Protein chains: 4
Amino acid sequence: MSNAELEQLRNRLDEINSELLKLISERATVVQDIGAVKEKQGVPKFDPEREKKMLDKLVEENKGPFTESTIRTLFKQIFKASLDLQSTEHKKNLLVSRKTRKEDTLILLPQDVVVGGNASLMVAGPCSVESEQQTRTVAAALAKAGIKVMRGGAFKPRTSPYDFQGLGMDGLRILREAADEYGLLTISEIVDPAHIEPSLDYVDIIQIGARNMQNFELLKAAGEVNKPVLLKRGLAATMEEFLHAAEYILSRGNTQVMLIERGIRTYEKWTRNTLDISAVPILKQESHLPVLVDVTHSTGRKDILVPCAKAALAAGADGIMVEVHPDPATALSDAAQQLNIDEFNTFFNDVKASGLFRE
Amino acid sequence: MSNAELEQLRNRLDEINSELLKLISERATVVQDIGAVKEKQGVPKFDPEREKKMLDKLVEENKGPFTESTIRTLFKQIFKASLDLQSTEHKKNLLVSRKTRKEDTLILLPQDVVVGGNASLMVAGPCSVESEQQTRTVAAALAKAGIKVMRGGAFKPRTSPYDFQGLGMDGLRILREAADEYGLLTISEIVDPAHIEPSLDYVDIIQIGARNMQNFELLKAAGEVNKPVLLKRGLAATMEEFLHAAEYILSRGNTQVMLIERGIRTYEKWTRNTLDISAVPILKQESHLPVLVDVTHSTGRKDILVPCAKAALAAGADGIMVEVHPDPATALSDAAQQLNIDEFNTFFNDVKASGLFRE
Amino acid sequence: MSNAELEQLRNRLDEINSELLKLISERATVVQDIGAVKEKQGVPKFDPEREKKMLDKLVEENKGPFTESTIRTLFKQIFKASLDLQSTEHKKNLLVSRKTRKEDTLILLPQDVVVGGNASLMVAGPCSVESEQQTRTVAAALAKAGIKVMRGGAFKPRTSPYDFQGLGMDGLRILREAADEYGLLTISEIVDPAHIEPSLDYVDIIQIGARNMQNFELLKAAGEVNKPVLLKRGLAATMEEFLHAAEYILSRGNTQVMLIERGIRTYEKWTRNTLDISAVPILKQESHLPVLVDVTHSTGRKDILVPCAKAALAAGADGIMVEVHPDPATALSDAAQQLNIDEFNTFFNDVKASGLFRE
Amino acid sequence: MSNAELEQLRNRLDEINSELLKLISERATVVQDIGAVKEKQGVPKFDPEREKKMLDKLVEENKGPFTESTIRTLFKQIFKASLDLQSTEHKKNLLVSRKTRKEDTLILLPQDVVVGGNASLMVAGPCSVESEQQTRTVAAALAKAGIKVMRGGAFKPRTSPYDFQGLGMDGLRILREAADEYGLLTISEIVDPAHIEPSLDYVDIIQIGARNMQNFELLKAAGEVNKPVLLKRGLAATMEEFLHAAEYILSRGNTQVMLIERGIRTYEKWTRNTLDISAVPILKQESHLPVLVDVTHSTGRKDILVPCAKAALAAGADGIMVEVHPDPATALSDAAQQLNIDEFNTFFNDVKASGLFRE
């Protein structure tokens, strides 16, 4: 008997579901009509006072079995869905989202270098630009190894105000000259909204660092120029926050954005950060933007760079970033974790030998 | 005219809201009825296959303006609310829950010591029982200071198999004898289900350590004896997991359980763990069980024990646990963080002087 | 016999220690002399090439038992100590450090309000300044409750670019006017270095938010004005990074800095963040700056604000920050976690009734 | 002239460096001799009291230019290096360490299955053994796909005491019978030391789960039998703790141990845990034991299993574990994250197609 009973109850459930659907859909249409009227009147569509009154009324009418708080939560979600319907396309679907744009975004750099397409990218260079000599030595080595894009920090965000803060605009100039001499492209971190504009002559890619991932003024400034941006994930940022940070740039008009995973902060002490490898396929799924992995900062250990770079590529990363210095022991920053030139050549050859680096 | 129009649209919205409320409430009742039938049949209440079919049907029926994904999300939330109504009852019915039992549980120990009532409890003693001499020295000092319950580890779960593992049953005997000599009660950690029974003569409170918080066989064994249990929060356990671990003990019949916050694992390096002070009021709210704070393990630093103990009491903790050793520098475990006897006296006096320790 | 042997070995150890001390001290003097010569020559004191050669030579000479890597590490530390001796007083002792300044820093605000002295501070106000009406309502209520400093966000750093971003300079003006009307002081977050200067007329305290704790350009700009600064701990910042961020401000000349703990990011889900209560006594020990606790953001739950505020004060905090809104349900940001005015009055009375809030 | 002066000062610096090296090396030898005496006497090697006295004496003798605190820091490091020399030997001597055993440990299973050698291992099967039918269906599918080892939980450690706890010994029997029918080997989790012995007839590999990684009594029991063990990394265990947990097993005589990374607990919410990919190469470097990766639990998402498995293999993992269920939607545990049989076949084919799975 109870099976028949179950069947009956289930049928009633199906009926209720259908009725709910009809009502919710009608509700959405009414809200759209209200929105149209408000638009004509020039009043904001969201009226929190009115929403509060509707919720209060529902709670008053509620006879159970749901608690007041469940009723509030459920109806807030229904209200929100109706309201969202009215928002711009932007709001409904983030510009960074794969739902907005199905095809992979390709970043088109000078010299026909493309990021996010069929070829993997290897970005290498010193943590900091320290001198013309040092930068030129690295540039020569990188060019010889077949590298296309050289990194080098000119503005260094350092934990202590007494640590080496970089050479500033001078550093950018040195980087540019060394890169030009050896036919390389440049990438360098910018930390102040006011420096974005002046940096444009010197960098081919603007880097926004982990500590500045939610420096929204800087993101907005980067969104207003016509120059590719490499955005680093914050030290303890969720993937959702990371994508929203990128959205700040895209929403201002600059769609040439690359994401880079650089390790997240956890309790583990044997690595500097924890390389969140799952972020690579998830970001590629959620977004159409290219995804790179910074193996140097995520691990902080030179002895596992090769397996980590291979893992990143196997997981679908479009490129790798690694730090190289002619003489790491004397480096003014990140001395312990930079590869010297020989080590870099070995590293790059090992990564290529795996067949995972698409050339 | 448009204001009249607006008024009309709003009235229709109010009607729809009321109809939605009625349907959602009826739906909940039907789901409850189905649940009752299922319970009789012994089948699980959540049927993902059925849910999937209902969602598919709704999507099929959907004529807009909501997208398929919005419909799925909204209805999933409605389904979940109905289901939660039953699991809230389940949660409401957790034995550890304040909803099941409104009044605070009082732990009744020998010598009329009560935990969870009007008086604060200070548990003190060495990390490990190392010798009769050491244990007796601490016992004498504690008794003199007015302490009622002495801790001392006999079975020590240590990271390395080569570290001091405790004196085992011998340690329990030494602890008991020293305690009896000075009129103290005893608490000691048990790590093997097979040791619960034999330990009953020696301990007045069974401690279950952080590493064993989800050693469910041990929890079950502790649930089957008639002896108060102090359950430590796991190294990285959520409060929800902590309460469920306590539920394992209560569900076997032993309701004399105390919870103890002992710091959680985070990235911060200046403390051994991070004392999660918010856990104190939340656990007191969610559960009727007494809540203590282990200031030694949560901080790992002797220099902040007084402010942390005061904070714990101010947040509503029923007691404090602290490690004391006659000569910490020579201790076989946790050398750096144990107080010596003078330091303990100063600590205890400072805590009492704050007026937060209820005597 | 072995005790005599032990005695002999220990005596030799003492001799070696003394000889090492002499040599290390002489070494430091020689390095200072070299530094003096270099200063005359205008060459940088740190010569990484020379350091590398010295290390290579030592490794070459090393006959064990230390490994090459231990020798490098030990001598790098000895070299670094000598070099540090030459650095400025700044470098040796951070300006934020209790070692540099023994007495507590007092923050002197208008209307004779002092932070860090004998009285506790309660900062309250809405998450965002939304309208003149809303701000004035809160201001009136706060003034009536005896509050001196009102918070209110005008520039809101929001995860999504499509969320309410604050009223900007308009918001600052509204905040100032409402505060002036009710005799309150103001605090508001500034997010762009370029806004520091223009904000000075509107705020009595510049707030630097958690997401900008390592926005070093902003810190530098705040260091160059004569206005108290409230610096929030980053979402996942260590205490060491927090103090160094404050040092950026002090190193530019502005010593009127307050620190505020606002919870750190952990795995726990029942609170928005984890209030790191141990940070309060540690920061007070390490630094002479006042330390506050933001109970709203650290917990994200209205139901535990009282015990958490009491815990913060018991742990030694100089003040508390809490969010208050005339109608939280309609707030444009942080709707769920703001107190309404009645709730705030109850909260403040409960905190005062504990006797932990020093008036 | 000042260059000659500089030259002279530098020569003196070189002399001092050499003398320091000699003294520090002699010091290390003396400390080793003291250690040898202490070992004979059975006293702990580290004597904090003695260290304190030595530091106090040095501070007393110190005439500058170093501050007291620098002297303490420098000498503590020198002391620590000497002491580490003994514990490095201790660490060097861990049985799990690559320093103790250079060659990879091979796990020899029946039917000539070898783990840790030239072939990659794919372990698959349901989260829980639920019925003969379900187990046999999976077994048939796995055998057809070429899988050698089937997993299936009989004792399930569940957060709540009211969740399905597994079929116990009955489950082990069902697993064994299904495996035998299709020529598969079995692996299943054991949670009580008392069950190790009875399980030996049913499992070819004993699994020790994440929650029990520091259930030292269980580790010891597993160390005393002659059966391969798969040890899961704890929810928030460091790699160091993980290796020490394995050492508990090896130290009791059982050297057939495999390590498995299964994700660590972090703040990120888009994955169930964070797959710590760097752990793979580090564990392989530090230890000679085989290292596997559980892609199901580390991610908790079916949509990224292929890239994560490829990343694990690219990083050097010896094998992969994945959950498969004939009808995941109705599974009694982990419903959302198990693959159905078709999905598993696609998964396995994709992984093999990458060329990273060595057959």
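## Domains of chain A

Domain bounds are those of an automatic or database domain assignment. For chain A, this assignment gives domain 1 (2-87) and domain 2 (107-353). The C-alpha centres of domain 1 and domain 2 of chain A lie 47 Å apart.

The model is predicted: local features need pLDDT of at least 70 and side-chain atom pairs count only at pLDDT 80 or more, while totals for chains, interfaces and linings use all residues. Residues are numbered from 1 along each chain as its sequence is written, and chains are lettered from A and ligands numbered from 1 in the order in which they are written.

## The barrel of chain C

In chain C, eight strands form a closed barrel in the order β3-β4-β5-β6-β7-β8-β9-β10, with parallel pairing. Strands (E, at least two residues) and helices (H or I, at least four) are DSSP runs, numbered from the N terminus, and two strands pair if DSSP finds at least two bridges between them. The twist from one strand to the next averages 25°. Strand β3 (residues 121-125) and strand β10 (residues 319-323) of chain C are paired in the parallel sense by five bridges; C:L121 stands opposite C:G319 in β10(C).

Helix α6 (residues 169-181) of chain C lies across β4 (149-151) and β5 (185-189), at about 160° to β5(C). Helix α10 (residues 279-286) of chain C packs on the sheet and touches β8 (257-261) and β9 (291-294), its direction making about 160° with that of β9(C). Axes here are lines fitted to C-alpha atoms, for helices over the stretch in contact, and angles run from 0 to 180 degrees between N-to-C directions. Two residues are in contact if their C-beta atoms, placed from the backbone, lie within 7 Å.

## Chain C against chain D

Between chains C and D, 44 residues of chain C are in contact with 44 residues of chain D. On the chain C side, α1 (2-41), α2 (48-61) and α3 (68-86) each supply at least two residues, and α1(C) provides the largest share, 26 residues. By class, this side of chain C has 21 nonpolar, 12 polar and 11 charged residues. Nonpolar here denotes Ala, Val, Leu, Ile, Met, Phe, Trp, Tyr, Cys and Pro; charged denotes Asp, Glu, Lys and Arg; the others, Gly among them, count as polar.

## Chain A against chain D

The contact of chain A with chain D takes 32 residues from each of the two chains. On the chain A side, α9 (239-251), α10 (279-286) and α12 give two or more residues each, with the largest share, five residues, coming from α12(A). This side of chain A comprises 17 nonpolar, nine polar and six charged residues.

Helix α12 (residues 305-314) of chain A packs on helix α11 (residues 305-314) of chain D at about 160°, with their axes 7 Å apart. The two helices, α12(A) and α11(D), are therefore roughly antiparallel, a term for angles over 145 degrees. A:K310, A:A311 and A:A314 meet D:K310, D:A311 and D:A314 in this contact, whose residues divide into four nonpolar, no polar and two charged.

## Backbone exceptions

Most residues other than glycine have a negative phi, and most peptide bonds are trans. The bond from B:G64 to B:P65 is cis, with omega near 0°, and B:P65 is found in the loop between α2 (48-61) and α3 (68-92) of chain B. A cis peptide bond also joins C:G64 and C:P65, with omega about 5°; C:P65 is found in the loop between α2 and α3 of chain C.

C:Q111 has a positive phi, near 60°, and is found in the loop between β1 (107-108) and β2 (114-115) of chain C.

Technical notes. Parallel < 35°, antiparallel > 145°, perpendicular 65-115°, else oblique.
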